[in-house]
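Colleague: Can you walk me through the surface and the charged pairs on this one? Keep it short.

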Amino acid sequence: GTKDTSILPDELGRIAEAMAKANKRFTLTVFDDVGHGFFCDERADYDKKSADDAWRRVKTLFAEELK
């Protein structure tokens, strides 16, 4: 999330660069206005809308890649 202070924006760039350099297919998604624990409903920064979107993306990935 954009409010995640443990993974800074320049680190996201390095991750994307490394994945591209390794010829790995990937999607880098950053959710607006959420912190590091937005997916965990037991954390203060849980965000249902973002978590639902992220979970939908994971299920789509698994359905496409693990058929």
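Modeller: A term to begin with: buried means under 20% relative accessible area, exposed over 50%, and partly exposed in between (1.4 Å probe, protein chains only). This is a predicted model, where local features need pLDDT of at least 70, side-chain atom pairs count only at pLDDT 80 or more, and totals for chains, interfaces and linings use all residues. Residues are numbered from 1 along each chain as its sequence is written, and side-chain values use heavy atoms, with hydrogens and water left out.

Colleague: OK, salt bridges. How many does the structure hold?

Modeller: Seven. A salt bridge is a side-chain nitrogen of Lys or Arg within 4 Å of a carboxyl oxygen of Asp or Glu. One of them joins Glu-65 and Arg-25, at 2.6 Å, N to O.

Colleague: Which parts does that pair tie together?

Modeller: Glu-65 is in helix H2 and Arg-25 in the loop between H1 and H2, so the pair ties together parts 40 residues apart in sequence. Arg-25 is exposed at 69% relative accessible area, while Glu-65 is partly exposed at 40%.

Colleague: What about Arg-56 and Asp-53?

Modeller: Their side chains also meet in a salt bridge, 2.6 Å from N to O. Arg-56 and Asp-53 are three residues apart in helix H2, so about one helical turn separates them.

Colleague: And which residues are linked in a network?

Modeller: Asp-10, Glu-11 and Arg-14, through salt bridges.

Conventions
Helices (H or I, at least four residues) and strands (E, at least two) are DSSP runs, numbered from the N terminus.
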